[in-house]
Amino acid sequence: MSETELTLIPVDLLLYSGRNPRTEMRSLEELAENIKEYGVLEPIIVRPREEKFEVVVGERRVRASMLAGMKEIPAIIRAITDRQADELRLIENIHREDLTDAEKGDAIYALLENYPDKYLSMASIAEKLTMPYNTILKWCRYSRKVSDFVKDAVGSARLGEDHVGYLMKYDHATQDKLAKVIIERKMTSTQAREFFRLYSGNPEQKLDEIADDVMGIKRVRISLHELSEEARREVQQILAKKKEQTKTIQTDAIKKKMRESRKLTEQRKKEARKRFEQKKAKSEVSLLPEEEERLEKVKEREIGKIIREREKRGEFMQARAELREEKIELPLIPTMDASVMLSRRNVADEKRLNLFEAKDWMIFTKSWFIHNPPPRDEKEELHPAKFPEPLIKNFVEFFTQPTEIVLDPFLGTGSALVACDMSNRQGIGVELEERYADVARRRTKQPVIVGDARNLDELDILKDLKGKIDFAITSPPYWNMLKKSRGHVRSVSKIREELGADVFYGGKMENLENVENYEEYLNALHLIFSKVHKLLRPNRYLVVIIQNILTEDGEMKPVAWDLAKRLNGLFLLKQERIWCQDNKPLGCWGYPYRYVSNVHHHYCLVFEKVEA
Ligand SMILES: C[S@@+](CC[C@H](N)C(=O)[O-])C[C@H]1O[C@@H](n2cnc3c(N)ncnc32)[C@H](O)[C@@H]1O
């Protein structure tokens with residue numbers, strides 16, 4: 001860093017960078033009082049920006065000085081780059097008294113990630129900043145292990161920093177639950193310690209009861225029928241109100257989590273872009289004449305290749321354009337009429353399966369792919385197991401041509417129909433539960449039928465489409481998996497339950513998740529897919545997305561393979577395309593006593609209809 005200059009700068013010439021971790025600054029009044037009495041003891045660091053100066057280090061001192069009515073502040077002016085300014089800010093955060101340990105840990109990780117050439121390890125940071133290694137280690141542990149809610153509560157002084165050590169032993173959801181009780185009950189430090197002690201002794205006990213014990217509140221149990229008519233009504237009203245309140249809080253919590261996760265993804269993308277730009281800038285080199293010549297030769301060769309590829313592609317595009325000439329845009333009006341759907345079906349070349357180019361065809365047939373679903377829309381959040389639409393769109397576009405008819409007999413909230421909207425196909429879906437069908441109807445104008453898929457070929461519209469459906473894609477309930485705890489692990493469904501979203505489909509007895517016996521579940525699937533078989537055109541395809549499932553006893557049921565065997569005679573199993581998700585967090589299930597797997601893939605079973 002160069003051009004260092006110490007001066008007094010008028011505070012109204014200062015600009016904030018907007019890159020400080022905490023906008024609301026703690027103990028500002030206290031600092032302002034000190035400044036009134038002793039002045040600003042340590043100069044801030046600024047750099048020239050536009051006509052003014054940007055505060056690089058010391059934003060808190062500036063705000064406190066303004067609060068204290070100071071018109072000028074001592075400052076060191078440095079001409080430094082964005083990268084150097086960011087680094088200085090991070091180092092300052094590590095020294096700031098008003099930041100929590102977890103926030104300091106965040107700053108250390110940022111140094112390690114952004115400046116790996118300079119800060120090699122926590123030990124090297126400790127050495128460079130002349131701080132004890134154990135302190136650095138502690139902050140980093142806090143940064144990684146403490147939930148965002150707890151960090152925020154400590155930051156805003158709603159929760160004492162001394163509780164963090166206790167909370168860190170638990171996963172984030174438990175940390176949040178415990179911290180909320182401590183905050184709501186306004187517990188003192190001693191009460192909170194007792195609360196942790198009792199909880200760790202009996203984590204099954206209700207938190208409200210533990211809190212009552214800690215705070216010396218006695219509970220008396222009276223059953224409702226012991227109360228007078230009037231008192232009973234009053235209690236019931238209170239309970240109903242409380243339930244209503246909890247529901248709203250839980251919905252808000254889901255929305256908040258989704259907002260946070262979107263924000264985080266955006267931030268990560270931004271950082272990745274920045275890193276890429278930095279790398280690119282570094283790698284820009286000036287070439288010697290002979291190197292320039294070499295580069296030109298490579299360019300010429302590549303351009304030749306591109307021209308040849310384009311010529312080939314041009315022929316294909318022409319063929320495809322001819323096919324598409326006949327294409328009609330589907331009007332988005334609801335129809336409950338099979339003849340209308342059939343009249344809209346308009347395919348130029350019946351022999352073709354799709355309009356894919358050879359290269360895309362080849363890629364699709366690979367037996368595995370990675371797809372990480374985008375964050376969910378708020379109105380879809382209700383459904384516990386919905387498809388990502390882009391993934392279904394890809395299947396629909398491979399197995400059909402525009403205007404063809406696609407069926408999903410387990411429609412859920414309608415993702416398959418949304419995928420049809422996106423790809424100009426006609427879709428039709430069946431869902432047992434009205435509340436999911438309602439969500440689907442809000443998302444698409446394609447026909448949604450409420451009914452039991454066991455009667456598929458007798459339902460409205462479908463009864464007139466036997467042998468006329470071009471493709472079926474679906475995902476049935478994974479037996480009773482959503483209702484059971486798998487291998488005694490704390491699954492995503494448990495977290496959803498805590499947040500108030502649907503954990504299982506619930507509702508009607510006919511729902512396949514309510515079939516207790518595994519063989520009966522397979523029988524029901526066989527019945528439903530035999531109806532799909534009747535509806536499909538000859539030699540067309542059915543894709544079933546399913547998982548092998550882990551039962552409560554830790555046994556793996558090979559649902560996918562059992563289903564494939566059952567459908568033998570109706571369908572040929574052509575492939576299991578494995579859909580891998582590589583952004584799901586790993587759980588440390590069973591450690592260190594029993595093997596419990598992290599299941600991060602689904603099977604997309606591709607079947608071809610054969611004549612039964
Ligand atoms: C795995 S989910 C499908 C999710 C859907 N693909 C989506 O993206 O929303 C299975 C759906 O099948 C429904 N279902 C269960 N039993 C059914 C039955 N007998 N007939 C029709 N639908 C049923 C459930 O209510 C649930 O919504």
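This is a predicted model: local features need pLDDT of at least 70, side-chain atom pairs count only at pLDDT 80 or more; totals for chains, interfaces and linings use all residues.

Analyst: Ala, Val, Leu, Ile, Met, Phe, Trp, Tyr, Cys and Pro count as nonpolar, Asp, Glu, Lys and Arg as charged, and the others, Gly among them, as polar.

Two caveats before moving on. Residues are numbered from 1 along each chain as its sequence is written.

Now the sheet. Eight strands make an open sheet with mixed pairing, in the order β6-β14-β15-β11-β10-β7-β8-β9. Helices (H or I, at least four residues) and strands (E, at least two) are DSSP runs, numbered from the N terminus, and two strands pair if DSSP finds at least two bridges between them. At the edges sit β6 (368-370) and β9 (448-450), each pairing on one side only. On average, neighbouring strands of this sheet are turned by 20° against each other, direction ignored. Axes are lines fitted to C-alpha atoms, for helices over the stretch in contact, and angles run from 0 to 180 degrees between N-to-C directions.

Zooming in, β7 (residues 405-408) pairs with β10 (residues 469-474) in the parallel sense over two bridges. There, Val406 stands opposite Phe471 in β10. Helix α16 (residues 389-399) packs on the sheet, touching β7, β10 and β11 (536-546), and its direction makes about 155° with that of β10. Helix α18 (residues 434-443) packs on the sheet too: it touches β8 (426-431) and β9, with its direction at about 170° to that of β9. For contacts, the C-beta atoms of the two residues, placed from the backbone, must lie within 7 Å.

One backbone detail belongs here: the peptide bond from Tyr591 to Pro592 is cis, with omega near -5°. Pro592 lies in the loop between β14 (571-580) and β15 (601-609). For background, most residues other than glycine have a negative phi, and most peptide bonds are trans.

For comparison, here's a helix pair elsewhere in the chain. The axes of α4 (residues 101-114) and α6 (residues 133-145) come within 7 Å and cross at roughly 100°. That makes α4 roughly perpendicular to α6; angles under 35 degrees count as roughly parallel, over 145 as roughly antiparallel, 65 to 115 as roughly perpendicular and the rest as oblique. Among the residues that meet are Ile108 and Tyr109 in α4, and Trp139 and Tyr142 in α6. The contact of α4 with α6 divides into seven nonpolar, two polar and four charged residues.
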